[in-house]
Amino acid sequence: MNWKCLSLTVAFSGLAAAAAVPAHADQLDTIMSSKILRCATFADVPPFASPDPKTREMAGFDVDLCGAIAREMGVKAEIKPVSVEARVPEVKLGRVDITVANLAYTLSRAEQIQFSDPYYLAKEMLIVPADDVGKNKADYAGQRIASTKGSTSEMSIKLNKSDPLTFQDTASAYLAVQQGKARGMVANTMTTTKFVNESKSRGKEMRMIEEPMLYQPIGIGMAKDQPALTAKINEILHKLDGSGEINKIWDKWLGQNTEYKMTRTDKVLPLSELKFDPIP
């Protein structure tokens with residue numbers, strides 16, 4: 001055997017093997033070259049994202065926020081509606097570039113995807129029929145409580161040692177309470193506020209339990225090991241916050257002139273600067 005030839009053969013084999021392994025693509029470069037930001041939002045969870053009845057186009061807070069981020073990047077936003085439980089897998093598998101869907105930070109999600117700096121500190125709230133005797137969340141331990149499937153609402157029910165009854169959307173979960181199939185329902189503050197307000201004019205009147213089921217920072221989900229994209233998204237969020245644009249989008253969908261009548265007082269801050277207990 002010619003050892004020189006053998007060495008060359010081994011060297012070329014090593015090069016071929018290395019070439020066969022795809023390089024870890026820089027996602028920000030891909031977005032900028034394609035001029036498209038693929039953005040996952042809820043399929044039908046107003047006011048975050050749902051089909052507009054007139055235009056059939058997706059509309060909502062998350063849709064507008066995704067559009068603002070894309071504009072700052074100089075690209076076009078491509079909205080991909082997904083189910084609640086698909087928000088993390090879609091970005092983890094690379095089917096979308098970012099997930100903007102009221103995505104709460106949890107330890108298990110953080111193991112799978114990268115979170116941006118949060119732009120809102122949300123609360124999971126419990127609503128029950130107005131004549132229900134319960135006063136705090138402990139009163140509902142062991143009780144059947146409705147929520148959307150795969151959400152932090154469902155997780156908060158389990159953490160409270162209650163029995164979750166899950167559905168694909170919040171409307172179905174609310175209907176379960178109205179029909180007496182569940183004692184209450186858990187969702188974010190704006191959704192529960194809407195249902196409580198609606199119940200005053202139709203259906204069984206509801207009220208909100210004052211004690212939050214849990215607190216949760218809301219951020220944008222991205223694939224792990226993409227530092228350039230993470231830095232860019234954080235840079236844009238801070239810019240949109242500083243200019244007041246996030247507040248303008250908030251006021252449009254959740255502000256005092258809407259059925260939610262909520263005011264955003266949060267600022268875009270790193271997770272390390274927020275005081276909260278991370279949930280599993």
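1. Strand E7, residues 120–129, is mostly covered in this predicted model: of its 10 residues, 8 are buried.

2. Which strands pair with E7, and in what sense? E7 pairs with E12 in the antiparallel sense, over 5 bridges. Strand E10, residues 184–188, is also antiparallel to E7, with 4 bridges between them. Strand E11, residues 206–208, pairs with E7 over 3 bridges, again in the antiparallel sense.

3. Lys123 has Tyr215 of E12 as its bridge partner. Ile127 stands opposite Met185 in E10, and Ile127 also stands opposite Met208 in E11.

4. The axes of H3 and H9 come within 10 Å and cross at roughly 110°. Because angles of 65 to 115 degrees count as roughly perpendicular, H3 is roughly perpendicular to H9.

5. Which residues meet where H3 and H9 are in contact? On the H3 side they are Leu65, Ala68, Ile69, Arg71, Glu72 and Met73; on the H9 side they are Ile233, Ile236, Leu237, Lys239 and Leu240. By class, the contact of H3 with H9 comprises 8 nonpolar and 3 charged residues, with no polar residues.

6. Helix H3 also takes part in a covalent link. The count of disulfides comes to 1, and this disulfide joins Cys39 to Cys66, with an S to S distance of 2.5 Å. The pair links distant parts of the chain, with Cys39 in strand E1 and Cys66 in helix H3 (residues 61–73), 27 residues apart. Are these cysteines buried or exposed? Cys39 is buried, and Cys66 is buried as well.

7. Most residues other than glycine have a negative phi, and most peptide bonds are trans. A cis peptide bond joins Pro46 and Pro47, with omega of about 5°. Pro47 lies in the loop between strand E1 (36–42) and strand E2 (50–51).

8. Asp225 has a phi near 60°, a positive value in a residue other than glycine. Asp225 is placed in the loop between strand E12 (214–222) and helix H9 (227–243). The relative accessible area of Asp225 is 59%; a residue over 50% counts as exposed, and therefore Asp225 is exposed.

9. Lys261 is not a glycine, yet its phi is positive, at about 50°. Lys261 lies in the segment after helix H10 (245–254).

10. The preceding points may be set against the chain as a whole. The secondary structure of the protein chain comes to 10 helices and 12 strands. Taken along the principal axes, the box filled by the C-alpha atoms is roughly 90 × 40 × 40 Å. Of the 280 residues in the protein chain, 47% are buried. Among contacts in the protein chain with a separation of 6 or more, 70% come from residues 24 or more positions apart.

Notes:
Residues numbered from 1 in each chain as written. Predicted model: local features only at pLDDT ≥ 70, side-chain atom pairs only at ≥ 80, totals over all residues. Heavy atoms only, no water. Helix = DSSP H or I, 4+ residues; strand = E, 2+ residues; numbered from the N terminus. Buried < 20%, exposed > 50% of the residue type's maximum accessible area, 1.4 Å probe, protein only. Disulfide = S-S within 2.5 Å. Pairing = 2+ DSSP bridges. Axes fitted to C-alpha atoms, helices over the stretch in contact; angles between N-to-C directions. Parallel < 35°, antiparallel > 145°, perpendicular 65-115°, else oblique. Contact = heavy atoms within 4.5 Å. Nonpolar A, V, L, I, M, F, W, Y, C, P; charged D, E, K, R; others polar.
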